[in-house]
Amino acid sequence: MRDDPTVVKRILRAELRERRQNMPAHEREQASEGFTSRLQELVGSTGAESLSCYLSMPTEPDTRPFVRWAESNGIRVLFPVTREDGLLDWTVGEEEDEVKGLHGMPEPVGELLGPMAINDVDLILVPAAAVDATGMRLGWGRGYFDKTLGSMGKCPPVYAIVFDTEFVEEVPREVHDQPVNGVVTPTRIVAF
């Protein structure tokens with residue numbers, strides 16, 4: 001039973017969730033500054049003029065300072081909006097408001113552009129619980145990003161955003177899991 005990837009993933013996610021919840025505020029603040037700088041570097045090195053990025057939950061790596069920077073620098077940012085059919089819709093979030101999505105995730109309010117809008121971005125930034133040294137991403141178990149990435153014909157670079165301790169040696173893998181092209185932590189950018 002312990003070798004069942006589904007069980008191992010559930011245990012690992014619980015450990016990672018608890019670690020994030022117990023992170024001291026000053027560490028989280030320092031990490032936020034690091035994430036913003038590394039993500040700015042990534043945009044610069046890829047030349048991305050449009051990207052997709054999620055709005056972070058309170059315990060996740062803080063994406064909001066980076067998103068504000070990107071938008072103020074003329075970079076088009078698409079945000080995921082969860083749908084009941086397991087797919088992601090996308091919006092540029094023209095309004096300043098946020099709502100809680102289907103699973104309590106923050107989502108911007110704006111015109112829905114449809115699942116195919118993601119095909120027009122130069123860079124995709126995704127959440128993760130952990131990423132391993134081969135680029136395998138452990139998500140939070142809903143499968144939205146795995147479905148999206150797995151359905152794209154020509155996928156731009158995909159980078160997961162995790163805390164330094166969540167870049168690990170190995171994560172469990174199942175057939176549907178999609179790898180990423182790189183990882184962004186507060187201290188570094190690693191491409192696979």
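**Aromatic pairs**

Start with Phe167: it is buried, with a relative accessible area of 18%. Buried means under 20% relative accessible area, exposed over 50%, and partly exposed in between (1.4 Å probe, protein chains only). This is a predicted model, where local features need pLDDT of at least 70 and side-chain atom pairs count only at pLDDT 80 or more, while totals for chains, interfaces and linings use all residues. Residues are numbered from 1 along each chain as its sequence is written, and side-chain values use heavy atoms, with hydrogens and water left out.

Rings of Phe, Tyr and Trp (its six-membered ring) pair if their centres lie within 6.5 Å; planes under 30 degrees apart count as stacked, over 60 as edge-to-face and the rest as tilted. That rule gives three aromatic pairs.

Now select Phe35 and Phe163. Their ring centres are 5.5 Å apart and their planes at 70 degrees, so this pair is edge-to-face. Phe35 sits in helix α2 and Phe163 in the loop between β9 and β10 (167–168), so the pair ties together parts 128 residues apart in sequence. Helices (H or I, at least four residues) and strands (E, at least two) are DSSP runs, numbered from the N terminus. Phe35 is buried at 1% relative accessible area, and Phe163 is buried at 5%.

Return to Phe167 and Phe192. Here the ring centres are 6.1 Å apart and the planes at 50 degrees, so the pair is tilted. Phe167 lies in strand β10 and Phe192 in the segment after β12 (189–191), 25 residues apart.

**Nonpolar cores**

Select Leu51, Cys53, Phe66, Leu123 and Leu125. Within the largest nonpolar core, of 23 residues, these touch the most other members. Such a core is a set of buried Ala, Val, Leu, Ile, Met, Phe, Trp, Tyr and Cys residues joined through side-chain atoms within 4.5 Å. Colour α2 (25–46) next: the largest share of this core, five residues, comes from α2. Then pick Leu78, Leu88, Val126 and Leu149, which are among the 20 residues of a second, separate core.

**Annotated site**

Finish at Lys9, in helix α1 (residues 5–21). The unreviewed UniProt entry lists Lys9, Arg10, Ile11, Leu12 and Arg13 under "binding site". UniProt positions follow the numbering used here, feature names are shortened, and annotations may be inferred rather than shown by experiment. Lys9 is buried at 3% relative accessible area, whereas Ile11 is partly exposed at 31%.
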